[in-house]
Structures are given as structure tokens and as C-alpha cells.
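Biologist: I have a structure open and would like to go through it with you. Can we start with what is inside and what is outside?

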Amino acid sequence: MISKAGGLTNQASSTGFLIRQGESLDAMKPGAELVSAVAAGGIGRQCLRIDLAALLLKGDEAQNVIIRDGDMVNIPSAGFVHVTGPGI
């Protein structure tokens with residue numbers, strides 16, 4: 001799915017999130033991390049953290065979850081780190 005959307009940019013985080021509404025994520029592969037589960041108006045919404053570095057660089061199949069109709073995938077921008085200090 002990521003490749004169909006054009007791939008990751010240089011600013012992409014190494015963590016992505018799968019948000020599923022109305023259906024349980026409980027059947028996910030061992031190793032996948034459920035971040036939150038919320039019931040709003042009788043409709044459940046669950047968020048699963050996906051370690052993209054483990055998936056794409058190490059081939060960790062636990063991070064390779066099935067995407068279903070209605071799922072939302074969010075890959076936020078990575079944070080920036082500024083390093084300052086005395087020169088050498």
C-alpha cells in the first residue's frame with residue numbers, strides 16, 4: 001500500500017499507525033502493538049502502531065498487517081533534532 005501511494009518521503013517517521021473503525025484489531029499478528037481503543041457513539045475505533053523500520057528494513061512480518069476497506073493509515077513526519085555545541 002505504501003508503494004502504491006508513492007512510497008515514503010525523507011521526512012517520514014519510522015513509525016506508522018493503522019486506524020480501524022467498527023471492527024476489532026484483536027486478531028493482529030503477535031508483535032504488533034495496539035496503541036488505543038476508543039468506543040465513540042457505539043462504534044469502536046482502534047489504533048495499531050506499525051514499526052516501519054522493522055517491516056521495511058528487517059522484514060518483520062508481525063508489522064505486515066492486512067489493510068481493509070475503511071482503514072486509515074497515518075505516517076507522520078519524523079521529528080527534527082538540532083545539535084549544537086562547541087566546534088572542534
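Modeller: Of the 88 residues of the protein, 20% count as buried. Keep in mind that this is a predicted model.

Biologist: Which residues make the nonpolar surface patch?

Modeller: Leu 8, Leu 56 and Leu 57 make it, and the patch covers about 320 Å². Leu 57 sits in helix H1.

Biologist: Why does Leu 57 count as exposed?

Modeller: Leu 57 counts as exposed because its relative accessibility is 74%, and the cut-off for exposed is over 50%.

Biologist: Changing topic: how many helices and strands does the protein have?

Modeller: There is one helix, along with four strands. Along the sequence, the order is β-β-β-α-β.

Biologist: How far can I trust each part? Where is confidence lowest, and where is it highest?

Modeller: Strand S2, residues 33-40, has the lowest confidence, with a mean pLDDT of 63. Helix H1, residues 52-58, has the highest, at 87. For the protein, the average pLDDT is 75, and 67% of the residues score at least 70. Where pLDDT is low, the predicted coordinates should not be read in detail.

Biologist: Noted. How many salt bridges does the structure hold?

Modeller: It holds one. Asp 71 pairs with Arg 20, and their closest N and O atoms are 2.7 Å apart.

Biologist: Where in the chain are Asp 71 and Arg 20?

Modeller: Asp 71 is in the loop between H1 and strand S4, while Arg 20 is in strand S1, and the two are 51 residues apart.

Biologist: Are Asp 71 and Arg 20 buried or exposed?

Modeller: Asp 71 and Arg 20 are both buried.

Biologist: What share of the contacts with a separation of 6 or more comes from residues 24 or more positions apart?

Modeller: Such residues account for 62% of those contacts.

Biologist: What does the side chain of Ser 13 reach?

Modeller: It reaches the backbone nitrogen of Thr 15, at 3.1 Å.

Biologist: And which residues is Ser 13 in contact with, leaving aside neighbours within four places in sequence?

Modeller: Those are Leu 52, Ile 75, Pro 76, Ser 77 and Ala 78.

Key. Residues numbered from 1 in each chain as written. Predicted model: local features only at pLDDT ≥ 70, side-chain atom pairs only at ≥ 80, totals over all residues. Heavy atoms only, no water. pLDDT = per-residue confidence, 0-100. Salt bridge = Lys/Arg side-chain N within 4 Å of Asp/Glu carboxyl O. Buried < 20%, exposed > 50% of the residue type's maximum accessible area, 1.4 Å probe, protein only. Patch = residues over 30% accessible without salt bridge, like charges linked within 9 Å, V, L, I, M, F, W, Y side chains within 5 Å. Areas by Shrake-Rupley, 256 points an atom, 1.4 Å probe, with all protein chains shown as cover. Contact = heavy atoms within 4.5 Å. Polar contact = N/O pair within 3.5 Å; in protein donor to acceptor, adjacent residues only side chain to side chain.
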